[in-house]
Every structure is written in structure tokens, then in C-alpha cells.
Amino acid sequence: MSVQGHFSLLRWRVDATRDEARNVAVVLVDRDGHFGGIRAAPISAISTRLHDQGVLDGIVTGIEAQFNQERKPSLGVLSEWRSSMHDSLYFTEPRPTAVPDPDMVLNALFLAYVRPQYGGGNALSKGRILDKVVRRIRSRGLDVARGAYIGDFLVDAVVSRGDSTEAVEVLSFASSARKLTPVEHDAGFFLHAVRETEVDGLAVVQPPVSPNAQSAIDSYDRVRRWFDKALIPLIPLDQMDEHLAGARRLPIIR
């Protein structure tokens with residue numbers, strides 16, 4: 001038996017002058033807050049700018065937290081959200097929909113309105129890997145802020161472990177570019193930020209994938225030496241669980 005729900009799209013206005021916008025997430029509610037949820041696109045699919053990613057991630061995770069409560073946001077709450085957001089992030093007018101099963105309907109709405117069309121996109125890009133890193137950290141119940149500052153330095157992510165803080169950087173050398181200078185600049189900036197703020201640091205790295213990508217291999221080896229000298233872990237994604245389980249220092253990968 002179907003009941004009535006309402007859905008709204010959370011949109012990110014990329015260019016306010018041309019009113020261009022992308023769908024960030026879909027929210028499903030009912031009138032009284034008995035059911036509902038949010039399904040969001042990977043943050044890297046919405047914006048490549050780290051500061052923007054931090055803003056988007058903060059809003060989405062805040063909404064998700066409200067849907068994890070026993071009393072979920074109602075249609076009235078959704079309308080309040082819509083009234084309070086007018087600039088880069090905004091909600092569309094809630095639309096009615098039949099809801100035989102909330103999870104099924106939310107998934108169908110996500111597929112219809114939000115799911116990004118990657119095409120031939122690079123699954124090993126920095127942004128896509130950062131999506132996975134943030135999800136993995138949160139799956140451990142840890143507090144992580146994406147695109148956050150440590151002191152005066154903007155880094156990919158900041159993890160809070162009680163009274164300690166850990167800065168996280170993602171570096172991908174899975175590129176056929178002749179020069180990976182931007183990746184080296186990111187690595188150097190991160191090392192400087194960690195040194196200046198005296199926080200723990202961790203870099204999650206995607207090594208070169210082609211044995212013929214000599215430029216990427218040389219750049220990777222160069223950055224690996226920097227992290228080795230600084231005694232900061234440089235680990236692949238599949239070692240994240242071991243690190244999050246409590247290992248303070250993991251050996252630098254070779």
C-alpha cells in the first residue's frame with residue numbers, strides 16, 4: 001500500500017550569473033516525519049574545488065545526521081530548509097510522490113535525478129579517491145571534515161580522534177601526463193602544513209598504474225622520498241582500515 005511522500009532536490013548553483021546548477025542530492029520526506037532520507041552524489045562529481053567540496057560535504061552530512069534520528073525531518077522542516085537557502089545551495093519546490101517503499105523510491109529518485117554520468121571518467125582521480133577515503137573514515141565512526149583548515153592551511157580532510165587531530169592528503173599518480181607538477185605541489189604544501197601546525201599527517205596515495213608512465217613513476221618516487229624523510233605515512237587506500245584501527249605509524253610503502 002502506497003502512502004504519499006514529497007521529494008526535493010538539493011542543487012548547487014555553479015555559476016550564479018548564468019544560473020547553472022547541478023543536482024547534489026535528493027531528499028524524501030512525509031508530512032509528519034515518519035520516514036525519509038537523503039541520497040547524494042559523490043562530492044567530487046559536483047565540484048573539483050576543495051573549498052566547495054568542504055561546503056557541500058558539510059551540508060550533506062548535516063542533513064544525513066537529521067535523518068538518522070528516530071523522528072525524521074517532516075515536510076514542514078523541508079520547507080523551512082528551502083526558505084532558508086537561496087544562494088549557491090538551494091532546495092527545489094517539494095513535489096508529491098507515491099511511496100510504496102521509502103528506500104526503493106529514494107533510490108529510484110536518485111537514479112533519475114542525481115546519479116552522475118561519469119562516462120569515461122578517471123576512477124583513480126584525486127577526487128574519486130578522496131570520496132572513498134572520507135566514506136571509509138566515517139564508516140569507522142570517526143569525525144572527518146572534508147576540505148578543512150588546520151591553522152591557516154586548507155587540506156583534503158581533517159580527522160578528529162578525541163583530543164588528537166590528523167590531517168589527510170590524497171595524491172594520485174595514475175596519470176599519463178608528461179609532468180605531475182600539480183601533484184608534487186600538493187604534496188609539498190601538505191608537508192609544510194603538517195610541519196607548521198605540528199599535527200599528525202597521513203597521505204593516501206594511488207601509485208602509477210602503467211609501467212610505461214616514466215614521468216609518473218619518477219614523480220611518485222620523488223614524493224615518496226619526501227614523506228619518508230618527514231616520517232609521515234604514505235599508504236595505499238587498501239591500508240586505510242589498518243591505519244584507522246589505531247596504528248599511529250605505518251611503514252612507508254615502497
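Which ring does the charged end of R39 sit over? I looked it up: the ring is that of F110, with the charged end 4.2 Å from its centre. The test I used takes NZ of Lys or CZ of Arg, within 6 Å of the ring centre and within 35 degrees of the ring normal.

**Ground rules.** I'm working from a predicted model, where local features need pLDDT of at least 70, side-chain atom pairs count only at pLDDT 80 or more, and totals for chains, interfaces and linings use all residues. I number residues from 1 along each chain as its sequence is written, and side-chain values use heavy atoms, with hydrogens and water left out.

**Overview.** I found seven helices and ten strands in the chain; these are DSSP runs numbered from the N terminus, with helices (H or I) of at least four residues and strands (E) of at least two. The C-alpha atoms fill a box of roughly 60 × 40 × 35 Å along the principal axes. Of the 254 residues, 45% are buried (under 20% relative accessible area, with exposed over 50% and partly exposed in between, 1.4 Å probe, protein chains only).

**Aromatic pairs.** I noted six of these in the structure. Rings of Phe, Tyr and Trp (its six-membered ring) pair if their centres lie within 6.5 Å; planes under 30 degrees apart are stacked, over 60 edge-to-face, and the rest tilted. F7 and Y113 make a tilted pair, 5.6 Å centre to centre with 35° between the planes. F7 is in strand 1 (residues 3–15) and Y113 in helix 3 (residues 102–113), 106 residues apart. F7 counts as buried because its relative accessibility is 5%, while Y113, at 31%, counts as partly exposed.

I then checked F190 and F227, a stacked pair at 6.3 Å and 20°. Elsewhere, ring pairs join F67, W81 and F91 into a cluster.

**Cores.** Which residues touch the most other members of the largest nonpolar core? I got L10, V24, V26, V27, L28 and F91, out of 31 residues. A nonpolar core here is a set of buried Ala, Val, Leu, Ile, Met, Phe, Trp, Tyr and Cys residues joined through side-chain atoms within 4.5 Å. Strand 2 gives the most to this core, with six residues. Leaving out residues up to four places away in sequence, L10 touches R22, V24, I59, I63 and F91, among others (contact means heavy atoms within 4.5 Å). Another core of 24 residues lies apart from the largest one, and its members include A167, F190, V205 and V223.

E198 has a positive phi, near 60°, and isn't a glycine. I placed E198 in the loop between helix 5 and strand 9 (200–206). With a relative accessible area of 73%, E198 is exposed. L231 isn't a glycine either, yet has a positive phi of about 60°. L231 lies in the loop between helix 6 and strand 10 (234–235), and its relative accessible area of 63% makes it exposed.
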